[in-house]
Every structure is written in structure tokens, then in C-alpha cells.
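Trainee: I've got a new model open and I'd like to learn how to read it. Can we go through it together?

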Amino acid sequence: MKTINLTTQRKAVYDIVYHADDHPTAADVMNRLVERGHNFAYGTVYNSLRYLTDNGLIRELKLGEAASRYDGKMDDHQHIVCESCGRVDEVMTGAPLQWYADVAEETGYDVHHAHVVFKGVCTECKNKSKK
């Protein structure tokens, strides 16, 4: 089993991502670290995010935006992205089991998990457009 080396910097970055409700970007993580009194170089933050992702402690989300977002919740879930403001929320509804069988049959792959990204308009943006 691989030993995980959580340096002070990695632990600080992990804490930000793990406790975030908004799937922060690297820039968001950096800003929150500064707000908490940390003074890490951008390279340290990016390297820490990569290390935490590579070791399965956080998940990198590539949701069609320029910047990756990070998720500290490692349980099986999906995401929904607001097409107006870019907000990202979690969807706890699982992918239908039939999808796995259908995709396996179509592609010949052994399908182990799915990550579905839904897109729509969040409640706040919907309400703004009604005004």
C-alpha cells in the first residue's frame, strides 16, 4: 500500500477542497488559503492539487470550462452545471444500471463507473430571468 505524504501545504489545500461546497478552481483554493493566512506559491497549490488527485483524496472535475474544479467528496455522485452562471452542484441520483450494460455492449469495455454532467439553469438564474 502506498504511503501518503501530507505536508503542511497539502493538508491546507486538502482542507479547503474537502470543506468547500462549490467545487473550487485552483485560483479559488489559492484565494481561500490567503484568507486563512497562508502564503503558498501558485506552483505549490497546483502541485498539491495534482498530488491529492493522483492519490485519490480529491477528484479533478473537467466540466467543459477553462479551469478544472476540485471535489473533496469521493462518494459516487454526478454534477450539474448552470449554463448561465457556471455554478456546479452535486447530483446524488445514480446513473441507471442499464446504461452500464448498454455502454459495455456498444463499446466492448468493462464499465466500472460513470460520471455524468448535467447542464441547465440554476434556480437563482431562472428567478433573475423572470424579473
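Trainee: What is the order of the strands in the open sheet?

Mentor: Some background comes first. This is a predicted model, where local features need pLDDT of at least 70, side-chain atom pairs count only at pLDDT 80 or more, and totals for chains, interfaces and linings use all residues. Residues are numbered from 1 along each chain as its sequence is written, and side-chain values use heavy atoms, with hydrogens and water left out. Strands are DSSP runs of E with at least two residues, numbered from the N terminus. Here three strands form an open sheet in the order β4-β3-β5, with mixed pairing. Its edge strands, β4 (88–91) and β5 (117–120), each pair on one side only.

Trainee: How do β3 and β4 run, and how many bridges join them?

Mentor: In general, strands of a sheet pair through backbone hydrogen bonds, either parallel or antiparallel. Two strands count as paired if DSSP finds at least two bridges between them. In this case β3 and β4 run antiparallel, joined by four bridges. Look for V81, which stands opposite V88 in β4.

Trainee: Now H77: is it buried or exposed?

Mentor: Buried means under 20% relative accessible area, exposed over 50%, and partly exposed in between (1.4 Å probe, protein chains only). H77 counts as buried because its relative accessible area is 1%. You'll find H77 in the loop between β2 (69–71) and β3 (78–82).

Trainee: Which residues does H77 touch?

Mentor: Contact means heavy atoms within 4.5 Å. Not counting residues up to four places away in sequence, H77 touches R59, D71, E90, V91, M92 and H115.
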